[in-house]
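Thank you all for coming; please have the sequence and the structure open while I talk. I will go through some helix pairs, then the interface between the chains, and finish with a few local details.

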Amino acid sequence: MVSRKPQIVGKPFPRIEAQLKLTGTARYLDDLQFGPELLHAQLCHSTRPHALIKSIDLKKAKAIPGVRAILTGSDFESCLGIDIVDRPILARERVRYVGEPLAAAVAETLDAAKAAVAAISVVYKDLPPVLEIEESIKNGSELLHPDLENYEYSPYIRPTPDSNIAHQSTMQRGDLQTGWADSDIIIDHTYHVARVQHVPMETHGGVALVDDADKITLWASTQAPFTQRQMIAQALGINPERLRVVTPRVGGGFGSKSYASIEAIVVALALAVPGQPVKLILNRKQEFLCTFLRPGLAAHIKMGASRAGELTAVEARYYWNVGASADASLAAVRAAIHVGAGPYRVPNSLVESLSVYTNQPVAGPMRGNGMAEVHWAIEQHIDRLAEAVNIDPIEFRLSNCLRGGDDLPRGSAMHATGLDQCIRQAAETVRWSQPSRPNKDKHAVRGKGLAAMWNPVIITPRQSTTARIKLEESGTCTVSIGGVDTGQGLYTLAAQVVASEVGVPLDWVDVQPFDTDHSLSENPASRKQLTWSMGNAVQRAAQDVRRNVLAFVAKAWDEPIGNLDIIDGNIISYATERVIAMPELLNQSIKNTRGKRVGRQFVGEGAFTPDLPDQDGEAKNSALPIIHYSTGAQAIEVEIDYETGSLQLLHVASAYDVGHAINPDIVRAQIKGGVMQGLSTSMLEQVQFEHGHMLNPNLRDYRIATIKDLPLKVDPIIIEVPQDDGPYGARGIGEHALIPTAPAIANAIHHALGIRIDSLPITSERIWKALADIKNQPETS
Amino acid sequence: MNHNITLTVNGVDQHLTVASHQTLVRVLREQLGLTGGKAGCLSGQCGTCSVLLNNDIVNACMVLAAEIDGCEIQTIEGLAQGDRLHPLQQAFLDHGGMQCGFCTSGMVMSAYALLQRSSRPDENEIRSALVGNLCRCTGYADIIKSVQVASRSRR
């Protein structure tokens with residue numbers, strides 16, 4: 001397929017925007033200047049976890065000088081939602097969590113806007129809050145959405161009427177009863193995952209302006225401008241084309257910026273004060289309270305194996321705590337049935353996944369999109385089984401893990417994958433077969449653990465990704481792609497592909513910032529695999545523009561196109577040794593063989609629509625075709641102080657099959673960053689609630705990993721088993737490294753101390769308590 | 001109440017009128033247009049607004065502008081000389097010490113302050129100096145490497 005050997009692809013290059021970021025000149029949302037006309041918005045939040053709104057008094061607020069408009073839930077007819085329309089822009093009739101926005105004010109100064117929302121008085125009628133999954137699914141539990149069955153939802157979403165269950169789905173393979181009968185060992189256990197926040201360093205925000213042509217422009221810190229445009233336009237009842245979403249640099253998102261959030265409020269306020277820009281930037285507390293949290297999870301896992309170590313059956317039930325609205329976390333909930341039995345050959349399986357409402361902040365996708373949570377349960381359970389049949393957990397995984405050609409639960413065959421290589425290499429890197437070196441400190445013990453992972457690329461059938469390239473007079477390739485660079489290095493990858501395919505230096509490529517009026521539509525569901533989808537589209541666009549240039553020059557020179565090439569920005573003929581520099585061609589023209597000067601503009605376009613696999617049964621009905629799986633494994637050596645429970649990671653070896661690394665530095669950076677976020681969410685992070693009130697919505701009480709928490713040694717390992725339909729064989733990498741981190745740590749702790757931590761996060765306190773329980777056991781029994 | 005103050009910002013005297021409650025980060029961003037330092041938490045917990053105040057690293061969101069009349073401020077915008085990056089910036093560029101970039105200005109300034117007072121910091125010193133600068137993307141390893149390379153290149 002690729003005729004020429006890529007020269008720029010496969011090599012490390014600094015990010016193309018690095019200099020801007022290092023000199024403070026990269027512009028993020030809050031850095032954009034809107035002049036003296038700028039108005040400021042603020043939000044009024046619910047103080048109750050669950051209540052009916054009896055009345056909202058705006059009189060005092062409206063009287064504050066400088067206040068221009070105030071909106072409440074009754075100003076909106078519809079809600080936000082793609083698959084189920086269940087998220088109010090501002091709370092209507094009832095509030096469902098503490099922090100839910102229920103009114104918004106816009107004023108001439110920030111102080112006036114703050115005073116206005118502080119002056120709003122709300123009369124509530126409290127309802128019993130539903131705070132836990134178990135409580136929420138009980139019969140007769142207080143309903144968060146009593147009108148659930150009348151909501152708009154996609155045909156593949158199955159809400160249960162008169163319940164708090166927004167969606168329920170299962171996938172079955174073989175026969176569980178046969179599986180249990182074939183098992184020598186059956187283990188049953190429940191695991192819990194705490195709710196965490198994405199904590200992008202840049203909070204959510206938006207600036208909106210309705211101009212004199214009645215067009216609305218929204219500048220937003222978002223990962224998905226078109227998704228945002230669609231959701232906001234739909235909820236506000238306006239034409240999507242009337243709304244333009246512009247994305248400056250984005251200071252991290254990790255999934256929290258992939259749906260519309262408070263930006264819908266900003267647009268609504270701007271419509272109330274046409275002609276003036278309206279700005280709302282959330283503070284850190286608001287970021288915790290009213291954007292998104294990762295869903296919580298209770299996972300009930302039952303697995304069977306033969307004495308010889310062969311997996312016989314898996315029954316996995318995933319109950320997701322999605323907070324007050326289900327829409328933004330449905331992708332995770334739905335994906336769980338596809339991966340919930342683990343990356344193993346299992347003849348008999350039943351996987352169920354339920355989206356459960358609670359009076360907590362709304363759940364949204366977070367890096368890994370449900371996968372980290374699912375693997376927390378599965379990968380600990382695999383270790384338990386291996387131990388029960390007395391087989392080394394690496395051997396157990398290697399003998400059961402999926403290989404190319406194996407049957408998958410959804411009815412098709414697994415593609416080529418390097419999962420076994422990842423498991424082996426990660427284990428070897430931490431010297432799995434050798435015992436840990438003892439620490440001089442007699443209070444500390446060491447252990448090693450490993451977890452494997454798989455991560456599906458799921459798309460919906462109508463999706464495709466497009467890219468466009470325009471050659472400028474100077475030779476610059478202006479590239480428009482269907483994706484936003486939120487720090488992962490996407491624009492650099494695109495630039496590398498274009499430079500390599502067209503045949504120009506890297507610094508001739510300019511990847512355009514995202515603007516829905518000019519950019520091409522992104523592919524929302526496979527955003528997680530932009531390298532694959534965007535990479536393919538941009539590769540085709542680059543080949544297209546190259547073809548156009550070469551065909552034009554070949555005609556001018558009266559030579560066969562096969563004679564020509566573009567090297568380092570020069571078009572050359574191998575036969576006649578003619579040369580013309582691209583800028584000369586583009587800026588002036590080219591003299592043809594009859595002495596006439598000819599010229600034109602060149603553009604290239606590329607689209608990538610993946611081939612959908614054949615699927616049967618449940619998978620077909622779920623409208624969630626899986627294109628491929630990325631796989632990997634992580635091995636971790638830990639040290640634990642058994643007096644205090646304090647835990648340190650000595651060595652992390654993280655191996656992923658990326659198909660082909662387009663930029664190995666960026667791949668390794670993604671792995672290292674993912675490991676750290678995995679470590680942070682595994683060991684440090686938990687949003688804590690008391691009676692539905694969040695106790696730690698700030699960066700002091702909700703601690704994320706600092707530079708001091710960095711493990712002593714992180715080894716990113718790149719495995720390359722090419723993906724048939726990937727650009728140069730590449731797959732994505734962004735999410736993977738945090739997926740197996742938590743279970744690998746838990747397995748290492750078990751190896752060191754013989755204790756199991758079933759609930760995330762793995763805090764020192766939990767380790768200490770588990771140790772105390774063991775110590776107490778002989779005395780009490 | 002308003003106060004007239006003078007700050008020397010990146011070597012240039014700035015005569016400013018500031019309100020009592022105005023923090024340094026607001027003054028830098030809103031009055032002087034120096035938007036390199038970010039308002040990540042406005043409560044001294046994230047380090048995205050780190051600048052040098054009389055050669056000490058501070059969170060600019062925790063400093064009242066009215067209280068620092070006559071002081072010298074260095075921000076990320078003053079580090080490069082024209083198009084020529086400071087060796088520390090160059091090291092961050094070469095070794096991938098940034099991803100989304102939102103923490104980068106503060107991170108670089110904290111590292112710069114460290115290299116001002118310690119010419120050849122070991123890894124522990126680097127970790128201690130940068131502990132107040134949160135980064136959610138990089139995993140920190142490449143940041144440590146960048147600082148180490150920069151400290152070596154100064155020799």
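Let me begin with helix α17(A) and the way in which α17(A) passes α18(A), which is a right-handed crossing. Please keep in mind that what we are looking at is a predicted model. In chain A, helix α17 covers residues 664-683 and helix α18 covers residues 741-753, and their axes come within 8 Å and cross at roughly 60°. Because angles from 65 to 115 degrees count as roughly perpendicular and those under 35 as roughly parallel, α17(A) and α18(A) are therefore described as oblique to each other. If you want to find the place where they touch, look on α17(A) for Val675(A), Gly678(A), Leu679(A), Ser682(A) and Met683(A), and on α18(A) for Thr741(A), Ala742(A) and Ile745(A). When we sort the residues of this contact by class, we get 5 nonpolar, 3 polar and no charged.

A second pair in chain A is helix α6, residues 225-236, with helix α7, residues 263-272, and here the axes are 10 Å apart and the packing angle is about 55°. That angle makes α6(A) oblique to α7(A), and the crossing of these two helices is right-handed. From α6(A) the contact takes Gln228(A), Ile232(A) and Leu236(A), while α7(A) brings Glu263(A), Ala264(A), Val267(A), Ala268(A) and Leu271(A). By class, this contact has 6 nonpolar, 1 polar and 1 charged residues.

Now please turn to chain B, where helix α3 (residues 104-117) and helix α5 (residues 141-153) have axes that come within 11 Å and cross at roughly 40°. Here too α3(B) passes α5(B) in a right-handed crossing. Met107(B), Ala111(B), Leu114(B) and Leu115(B) of α3(B) meet Ile143(B), Val147(B), Ala150(B) and Ser151(B) of α5(B), and this contact consists of 7 nonpolar, 1 polar and no charged residues.

How much area do chain A and chain B bury between them? The value is about 3800 Å², with 58% of it on carbon and sulfur atoms. On the chain A side, Leu22(A), Met201(A) and Ile707(A) lose the most area to chain B, and together they make up 23% of what that side buries. In terms of residues, the contact takes 49 from chain A and 41 from chain B.

Side chains of opposite charge can pair when their charged atoms come close. Across the interface of chain A and chain B there are 5 salt bridges, and Glu685(A) forms a salt bridge with Arg136(B), in which the closest N and O atoms are 2.6 Å apart. Over all chains, the structure holds 38 salt bridges. One within chain A joins the side chains of Asp407(A) and Arg173(A), at 3.8 Å from N to O. This pair links distant parts of the chain, 234 residues apart, with Asp407(A) in the loop between α11 and α12 and Arg173(A) in strand β7.

Finally, two details of the backbone in chain A deserve a careful look. Leu760(A) and Pro761(A) are joined by a cis peptide bond, with omega at about 0°, and Pro761(A) sits in the loop between α18 and α19. Which value does phi of Asn390(A) take? Phi of Asn390(A) is near 60°, a positive value in a residue other than glycine, and Asn390(A) is found in the loop between α10 and α11 of chain A.

Technical notes:
Residues are numbered from 1 along each chain as its sequence is written. Chains are lettered from A and ligands numbered from 1 in the order in which they are written. This is a predicted model: local features need pLDDT of at least 70, side-chain atom pairs count only at pLDDT 80 or more; totals for chains, interfaces and linings use all residues. Side-chain values use heavy atoms; hydrogens and water are left out. Axes are lines fitted to C-alpha atoms, for helices over the stretch in contact, and angles run from 0 to 180 degrees between N-to-C directions. Helices (H or I, at least four residues) and strands (E, at least two) are DSSP runs, numbered from the N terminus. Angles under 35 degrees count as roughly parallel, over 145 as roughly antiparallel, 65 to 115 as roughly perpendicular and the rest as oblique. A crossing is left-handed if the near helix is turned anticlockwise from the far one by less than a right angle, and right-handed if clockwise. Contact means heavy atoms within 4.5 Å. Ala, Val, Leu, Ile, Met, Phe, Trp, Tyr, Cys and Pro count as nonpolar, Asp, Glu, Lys and Arg as charged, and the others, Gly among them, as polar. Buried area is the accessible area (1.4 Å probe) that two parts lose on being put together, summed over both. A salt bridge is a side-chain nitrogen of Lys or Arg within 4 Å of a carboxyl oxygen of Asp or Glu.
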